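Good morning, colleagues. Please turn to the sequence and the structure as they come up on the screen.

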Amino acid sequence: MKTIKSRPESLIKHIYVDGVLYMYRLHYTDANSLSIKLDRKNEIIVTAGKGMPDFMIDAYLHTNIAKFDNVRNKNLENQIVTNEYLTIKEKKFAIQRLTNVKRKKIEFINNKYYLAYKNQDEFMALIKSIYAEAAKENILPRIKYWVERCKQNPRTIEFKWYIGKWGCCHYHQRKISINSLLVAFSQEIIDYVVIHELMHLVYPNHSPMFWKMVSFYCPNYQHYDKMLNFWSMSIDDVD
């Protein structure tokens, strides 16, 4: 007999609608219904029946999610990436599509990105490339700075395009991974995530001692943590 894999009760997911990346939390219920709302934390919550096909959920979100996101983000002003601009270090850079170039291409001229792409997949590949380079340029020096201050030296540092978390610490490998999208934010927020992950090299949990050490190096960490939670993404996983 074939075993049907059950769905988890809750997932952090994303969807692209008209070139905009939306983050939302998906709750599965026994009721055969579909709904969307904003919760008290300003997160977009989608509720769907456990038997609801993914294509039906996606179709519903394409029609409705922008309405709720407009309320939450004041007409998308706080979105990190759209087809019209991207954000690095809290500064928005305009994007213009090059239509007369046959292969994927990135040009940065006069603080404006010119991208050549055929479809949305190629567009996102270029965006991920831009953020990977920006992360190496802007986040890596902060990691080196805090490695020296905290006296915690990871064996491996990597930047990845995560959905659902800003960073990850692989405790036994002494490796930290940082979401390259983090470069969209201020240096203070970047520093908090870096400190958070470095402290996991000592404490592979969120014990009182872990938070005590985080607060020692980043006294305002709770403020930055709330700002990041606005994007419905956790700081880390630890393994």
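Predicted model: local features only at pLDDT ≥ 70, side-chain atom pairs only at ≥ 80, totals over all residues.

I shall begin with the protein chain as a whole and then proceed to a helix, a hairpin, the aromatic residues and one isoleucine.

The protein chain has 239 residues, and 45% of them count as buried. Its secondary structure comprises 6 helices and 11 strands. If we take the contacts with a separation of 6 or more, 47% of them are between residues 24 or more positions apart.

Let me turn to helix 6, which covers residues 221–229. Which of its residues are buried? They are Tyr 221, Tyr 224, Asp 225 and Leu 228. Around the axis these residues cover an arc of only 105°, and therefore they lie on the same side of helix 6. On the other side of the helix, Gln 222 and Lys 226 are exposed. What covers the buried residues of helix 6? The cover includes helix 4, residues 187–199, and helix 5, residues 208–217.

Strand 10, residues 167–170, presents another arrangement. Both of its faces are covered. Gly 167 and Cys 169 are buried on one side, and Cys 168 and His 170 are buried on the other. In which sense does strand 10 pair with strand 11, parallel or antiparallel? The pairing is antiparallel, over 4 bridges, and strand 11 comprises residues 175–179. As an example, Cys 169 has Ile 176 of strand 11 as its bridge partner. The two strands form a hairpin, with 4 residues between them. I would draw your attention to Arg 174 in that turn, where phi is positive, at about 50°.

I come now to the aromatic residues. The structure holds 12 aromatic pairs. In one of them, Tyr 117 and Phe 123, the ring centres are 5.0 Å apart and the planes stand at 55°, so this pair counts as tilted. Both Tyr 117 and Phe 123 are buried. Tyr 117 also has a charged neighbour: the charged end of Arg 97 sits over its ring, 4.2 Å from the centre.

A further pair is formed by Tyr 145 and Trp 146. Here the distance is 5.0 Å from centre to centre and the angle between the planes is 85°, an edge-to-face pair. Are these two residues buried or partly exposed? Tyr 145 counts as partly exposed because its relative accessibility is 36%. Trp 146, in turn, has a relative accessible area of 6%, and it therefore counts as buried. Over the ring of Tyr 145 sits the charged end of Arg 142, 4.7 Å from the ring centre. Tyr 145 and Trp 146 also belong to one aromatic cluster with Phe 216 and Tyr 217.

Finally, I would ask you to locate Ile 15, which lies in strand 1, residues 10–17. With 7% relative accessibility, Ile 15 counts as buried, because the limit for that class is under 20%. How far is Ile 15 from Ile 65 in sequence and in space? They are 50 residues apart in sequence, and their C-alpha atoms are 9.4 Å apart in space.

Thank you for your attention.

Definitions and conventions
Residues numbered from 1 in each chain as written. Heavy atoms only, no water. Buried < 20%, exposed > 50% of the residue type's maximum accessible area, 1.4 Å probe, protein only. Arc of directions from axis to C-beta. Contact = heavy atoms within 4.5 Å. Phe/Tyr/Trp six-rings, centres within 6.5 Å; stacked < 30°, edge-to-face > 60°. Lys NZ or Arg CZ within 6 Å of the ring centre and 35° of its normal. Pairing = 2+ DSSP bridges.
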